[in-house]
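Have a look at the sequence and the model first.

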Amino acid sequence: MTAPTELPSEPAAIEHLAQQLEQHPDYRVLRRLPMRSQFQPAPAGAGLRRGVVLDTETTGMDSTQDRVIELGMVVFEFDPVSGTVVRVVDVFDELEDPGFAIPPATIAIHHITDDMVSGRQIDDAAVAHILKDVAVVIAHNAAFDRPFVEQRWPVFADMDWACSVKDIPWREEGFGSAKLEFLLHANGFFHEAHRAEADCRALLELLSRHLPERQQPALLPLLETLNQPQYRVYATGSPFETKDMLKARGYRWSAEIRCWSRVVAGEEARAEELTWLKRRVYAGRPAHVEVEPLGARVRYSQRSGHKEAVAL
């Protein structure tokens, strides 16, 4: 019987083995995500700005009933012209007692127990301080995180937000999923998932990397959405028989207002959508729909913008 080969202990030797394995077409190697603070040198003459990558762990999915039990934030400097991530300038990660027992099904996901949060409270002043001079808050699925943190810390309502799921064209770039863990694996890394700071650092690593098709940092198309107007178009009073057509085009049904709606980006897309509704949904008949502008301070929140009635 052949004795097992002892693995080398030196990091350089282990990396050499990993590189050899990567050369074989039947294997891929995942490396532990590095906890780095320096990314790329600032482009010459760049006017750097600050962004924050944010993640929460909560007691559940309902922001009206559940609570934040962990808030993680990584503040970083970036060049708004090239999308280059330069360096991490601050890190925040604190736990908070929600005042009730954390459901076992939730603990199974993030492994934060009642004992870990007992008597803990997130420092509100520290949250406000770390957000000073921040130009944009980025979350992976901002529609989940934003309502939770706005409810707990109103300062987040006065900030521009972007979503690294919706505002980066992952599928167009060849990625089969926009889930954080999948994207990280596709870039050759693994990490301690479902804890706030770890997920923030994983996302920042992805934002710093070049997209395969565009050959630009993934942060850049996300930043571009901040300057591109978005609109939620409501198919008010649409005929029942058009529901499948609306769903196929990306509209979603809201039971509260009993209406189908979808978000489009840019003036051209807004005009095209209204034309499509008039021709396909309302069959050329006179109709009124509603259009809601979604600026970066409303986008991904549960707050409504100012709706405008538009005659078709």
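Where is Thr84 found? Thr84 lies in the loop between S3 and S4, where helices (H or I, at least four residues) and strands (E, at least two) are DSSP runs, numbered from the N terminus. Before going further, a word on what you are viewing: this is a predicted model, in which local features need pLDDT of at least 70 and side-chain atom pairs count only at pLDDT 80 or more, while totals for chains, interfaces and linings use all residues. Residues are numbered from 1 along each chain as its sequence is written, and side-chain values use heavy atoms, with hydrogens and water left out.

Is Thr84 buried or exposed? Thr84 has a relative accessible area of 14%, so it counts as buried; buried means under 20% relative accessible area, exposed over 50%, and partly exposed in between (1.4 Å probe, protein chains only). Its side chain makes a polar contact with the side chain of Ser82 at 2.7 Å. A polar contact here is a pair of N or O atoms within 3.5 Å; within protein, one must be able to donate a hydrogen and the other to accept it, and residues adjacent in sequence count only if both atoms are side-chain atoms. Leaving aside neighbours within four places in sequence, Thr84 is in contact (heavy atoms within 4.5 Å) with Gln40, Pro41, Pro43, Glu77, Phe78, Asp79 and Pro217.

The loop belongs to a hairpin: S3 and S4 have six residues between them, and Gly83 in the turn has a positive phi of about 80°. From here we can follow the strands themselves. Strands of a sheet pair through backbone hydrogen bonds, either parallel or antiparallel. Two strands are taken to pair if DSSP finds at least two bridges between them. S3 and strand S4 (residues 85-95) run antiparallel, joined by nine bridges, and Glu70 has Leu95 in S4 as its bridge partner. With strand S2 (residues 49-58), S3 again pairs in the antiparallel sense, this time over 10 bridges. Along that pairing, Asp55 stands opposite Gly72 and Gly51 stands opposite Phe76.

Now step back to the whole sheet. Five strands make up an open sheet of mixed pairing, in the order S4-S3-S2-S5-S6. At its edges are S4 and strand S6 (161-163), each of which pairs on one side only. Direction ignored, neighbouring strands of this sheet are turned by 25° against each other on average. The angle is taken between axes, which are lines fitted to C-alpha atoms (for helices over the stretch in contact), and angles run from 0 to 180 degrees between N-to-C directions.

Why is S3 described as largely enclosed? In strand S3 (residues 68-78), 11 of the 11 residues are buried, so the rest of the structure largely encloses it. Helix H5 (residues 142-152) is mostly covered too, with eight of its 11 residues buried; among them are Phe144, Arg146 and Glu150. The elements covering the buried residues of H5 include S2, S3, S5 and S6.

Next comes the interior. In soluble globular proteins, nonpolar side chains tend to be buried together. A nonpolar core is a set of buried Ala, Val, Leu, Ile, Met, Phe, Trp, Tyr and Cys residues joined through side-chain atoms within 4.5 Å. The largest one has 29 residues, of which Phe76, Ile138, Leu204, Leu207, Leu219 and Leu222 touch the most other members. Elements giving two or more residues to this core are S3, S4, strand S5 (134-139), helix H6 (180-186), helix H7 (196-208) and helix H8 (219-226). H7 provides the largest share, six residues. Beyond its neighbours within four places in sequence, Ile138 has contacts that include Val52, Phe76, Ala162, Leu207 and Leu222. A second, separate core of 24 residues includes Met73, Val75, Val137 and Tyr300.

Finally, how many disulfides does a search of the whole structure find? The search finds zero, a disulfide being a pair of cysteine sulfur atoms within 2.5 Å. The sulfur of Cys163 is too far for a bond because the closest cysteine sulfur, in Cys200, is 13 Å away. Cys163 counts as buried at 1% relative accessibility, and Cys200 is buried as well, at 0% relative accessible area.
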